[in-house]
Amino acid sequence: TAASCRFDGPIDSADVQLLRANANRGCKTLFLASPGGDLRAALSLGRIIRAAEMAVIVPEDGECASACVFLYAGGVLRGAYGPVLIHRVYLTQPSASFSETQREFAAVGREVRRYLREVNVSDTLFDRMMTIPPEEAVALTLDEMNNLGLGILDQVHSEYIENKKAARVGMS
C-alpha cells in the first residue's frame, strides 16, 4: 500500500481519477503543492480526501494556493509547513450579462459553503476569500486556520477516533 502520495501542480478534472486510484491503493497522507485550478475538481478531490480519511501536508518547499485550499480542508489531519493562500473564486467562462454573473457567483457560493460544512470548516472562509482579489492572494496565519476550522485536527474525525478507541476498551 502507498502510505503517502503527492499532489503537485494545477488542479483539473483528470486529477479526480488519479487521486481516487491513490486512495484505493491506501494513500493515507497526501503532500500538497498546488497553485490551484479548477474549483469543481478541487471540491471533488477534497471529498475523496475526506472519504479516505487522509492527512494532508503542505511541505515547507510548497504552497497550497487558491482552489488547493479545498483539498487541504478535506484532510482529517492537516499540517501547513508552507503557505496556504486564499483569494476570491473566479469564473472560467465569461457570462453574457451582469445578472448571469451574479447568478453564477451565487451558485458557486452555495456549492462551496455546502462543501465547507461537509468538511467541518467555517463558511466564513468563503466570505474571507471573496474579499481578496485573485491577483492579491493572502496567506492564512495558523491562528486564522484554527479559527476557521482548518487547524491540525478535524474535530469530528477526532471524536470518531476517540469513540473507536473507547469502544475497543469497553468504555461507552
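Is the crossing of helices α2 and α4 left-handed or right-handed? In this predicted model, the crossing of α2 and α4 is left-handed. The axes of α2 (residues 39-51) and α4 approach within 11 Å and cross at roughly 15°. Angles under 35 degrees count as roughly parallel, and α2 and α4 are therefore roughly parallel to each other. The contact between the two helices involves Leu39, Arg40, Leu43, Gly46, Arg47 and Arg50 on the α2 side, which meet Val108, Glu111, Val112, Tyr115 and Glu118 of α4.

Tyr115 also takes part in an aromatic pair. A search of the whole structure identifies one such pair. It is formed by Phe70 and Tyr115, whose ring centres lie 6.0 Å apart with the planes at 80°, so the arrangement is edge-to-face. The pair joins distant parts of the chain, with Phe70 located in helix α3 (residues 68-74) and Tyr115 in helix α4 (residues 98-118), a separation of 45 residues. Both Phe70 and Tyr115 are buried.

The strands were examined next. An open sheet is built from four strands in the order β1-β2-β3-β5, with parallel pairing. From one strand to the next, the twist averages 20°. The partner of β1 is β2 (residues 29-33), and the two pair in the parallel sense over five bridges. Within this pairing, Phe7 stands opposite Leu32 in β2.

Definitions and conventions. Residues are numbered from 1 along each chain as its sequence is written. This is a predicted model: local features need pLDDT of at least 70, side-chain atom pairs count only at pLDDT 80 or more; totals for chains, interfaces and linings use all residues. Side-chain values use heavy atoms; hydrogens and water are left out. Two strands pair if DSSP finds at least two bridges between them. Axes are lines fitted to C-alpha atoms, for helices over the stretch in contact, and angles run from 0 to 180 degrees between N-to-C directions. Rings of Phe, Tyr and Trp (its six-membered ring) pair if their centres lie within 6.5 Å; planes under 30 degrees apart count as stacked, over 60 as edge-to-face and the rest as tilted. Buried means under 20% relative accessible area, exposed over 50%, partly exposed in between (1.4 Å probe, protein chains only). Angles under 35 degrees count as roughly parallel, over 145 as roughly antiparallel, 65 to 115 as roughly perpendicular and the rest as oblique. A crossing is left-handed if the near helix is turned anticlockwise from the far one by less than a right angle, and right-handed if clockwise. Contact means heavy atoms within 4.5 Å.
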